[in-house]
Amino acid sequence: MAWLLPRACCLKVFCQSSRGPFSSGIARAWSGGPLTAYMPEAVAFAGSRDHPGLYKVSVEQVDEFWGALGRSRLMWINPFHSVKDCNLQQGWVSWFLGGQLNVAVNCLDRHVHTAPNKVALIWEKDEPGKEVRVTYRELLELTCRLGNTLKRQGVKRGDRVIIYMPPCPLAVASMLACARIGAVHTVVFAGFSSEALADRIRDAQSETVITVNQALRGGKVIELKQTVDQAMHACPLVKRVLVSMRTEQKVPMSELDVPLEEEMMKEDVCCEPAVMESEDLLFLLYTSGSTGKPKGLVHSQAGYLLYTAITHKYVFDYHDGDIFGCMADIGWITGHSYVVYGPLCNGGTTVLFESTPVYPNPGRYWETVERLRINQFYGAPTAIRLLLRYGDEWVKRYDRSSLKTLGSVGEPINTEAWEWYFNVVGDARCLVVDTWWQTETGGICISPRPSSPGDEILPGMAMRPFFGISPALLDEKGNVLTQNNVSGALCISQAWPGMARTIYNDHKRFLETYLMPYPGFFFTGDGAYRTSQGYYQLTGRLDDVINVSGHRLGTAELEDTVNQHRAVAESAVIGFPHEIKGEGAYVFIVLKKGTDVSQERLSNELKELVSKKIAKYASPEYVQVTKRLPKTRSGKIMRRVLKKIVEDKTDELGDLTTLDDHEAVEEIIEGHKRLLQEEQGQ
């Protein structure tokens, strides 16, 4: 198909009354060194001549730090009068009060004003070598046509719009069109079932859905429109479904359906941007909890946009002219923050990756790096471990000399995968940034960079808090642990601009989940270990911490050790009740391709390895080999499902709408039964 790339730029909607970049009035004389080249706003912070000094300002002089960045990095229609009004104890968070802006203007118009023909998006289509480049001018016009289409169809400011699309320019334009007219977008990953889609449509009380006729992924056709049609049976509030044509295949159209390209061509390439308050809703994004229905986390306008832009620039050392390659789907927060909003706010060139890491072969990522000359590559440990199984050959056949920074996101990366990523993919010359953050945080919170030049980066460790992030470790009684060499519940002690504001239509649940467990702190749900040097290492979800004979043991630590075995490609460790130790460790293993080792031998070797690397008490009680682990469609292992299986509570598996492969669960249940029978028979 031919995506709409309209003819002329809508420069007249450029926000002339807004304050441009670095117009905050802080550019007074300063005799400091190179720090101002790194962050020009540092001129306002007396004494901050290095990274530690800048970080100290960010957590001790919060208003000054974020106020300077907010004024200089965003374009305001009307400037804010107060930087923040936040009280985690009481449960309210507001940033940049009184400020008015438009996110789409910040991501598009101001860049069109200075560099209209700069490439904004590189759409790496499922078919290799078929990439499409979209300039800022073209993306603005696409966004404006779509914004006008939405308004003509009856979408109003504050309405929730469901976007159920694969990564493509029109999906990004849909997000930005909503932002432009003041609607609230809710992107639903295009692999979710009709039931999961319907749940989110109903919870968001949405009247509008944007989708495509079909999606392409890994060489396969996915019938997205068909899935939407099925969902509509349970969504009586929906008034319109806007259907784009990703392929040439015609699909049945109902009375709700609107041919999107056809309607967009009727619209003008100029769309007046809505004047939005800083704390107006920008988007909802649903994330599953261990119990209960998915949570529609709310992110607002100014704080979120600023935080994604700042983290994108400084964590990855992004510079103008770089090609930023985040492999995440736009249906997840990583895609929102580091495919769309962060890079576009910075005027960058960002890659939209539609395919999979192994299509048409395991060299797909690295061939894409070579062809597009990607400078920053941001991927998930799941994908890295998968590709590691195929060896070094698929990596080394492609030129990766353009790479400068390698990022990891989604879960802690084990040491073996980190070292392969660094040594093989990055030729031992690229920075590796293992980033910790969540849908709830909006952007990266802990990462090895930024830091002072030459500071060490340790394998498999997120290490350092980002500007404005003040982490705290708390014990089970809620006491703050001030010393190093200690583990605890990872909390954040003060608000930051990018954090979620609430759960849509359920603020009580937001308070109970994040702010009430440790009053005065934001509770992340993760555990962390602070080293003797003050670095942070994530130990996994707190419900994934095993207490073995009184010893707290993070499953991530166990998995890291198990994954060092030559035969192991991937693992998941679950705690289960043990009548003597309190809890024991149950290990699920996926073997590397071509590996031939008996269950008994593997089990003995892993127990010996764990005893040697950690302690004898950490030795797993059970080792179960399986073909695959149950994962969400974004690639995260569903450990809560494994835990229910190990606890023989298969009738309590909970919400499985995010599960990618239901057969994997059945196989693991049967394997668990066989393993127990074999153990009892000995």
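In strand β17, T350 is the bridge partner of F324, and this belongs to a parallel pairing over two bridges between β16 (residues 323–326) and β17 (residues 349–353). Strands here are DSSP runs of E with at least two residues, helices are runs of H or I with at least four residues, both numbered from the N terminus, and two strands pair if DSSP finds at least two bridges between them. The model is predicted, with local features requiring pLDDT of at least 70 and side-chain atom pairs pLDDT 80 or more, whereas totals for chains, interfaces and linings use all residues. Residues are numbered from 1 along each chain as its sequence is written, and side-chain values use heavy atoms, leaving out hydrogens and water.

The open sheet has seven strands, in the order β5-β4-β17-β16-β18-β19-β20, and its pairing is mixed. Because β5 (132–135) and β20 (431–434) each have a single partner strand at the edges, one side of each is left without a neighbour in the sheet.

Across β4 (119–124), β5, β16, β17 and β18 (376–379) lies helix α12 (residues 364–372), which runs at about 145° to β4, where angles run from 0 to 180 degrees between N-to-C directions and axes are lines fitted to C-alpha atoms, for helices over the stretch in contact.

The loop between β17 and α12 contains T356, which counts as buried because its relative accessibility is 14% (buried means under 20% relative accessible area, exposed over 50%, partly exposed in between, with a 1.4 Å probe and protein chains only). Not counting residues up to four places away in sequence, T356 touches R217, G218 and R364, contact meaning heavy atoms within 4.5 Å.
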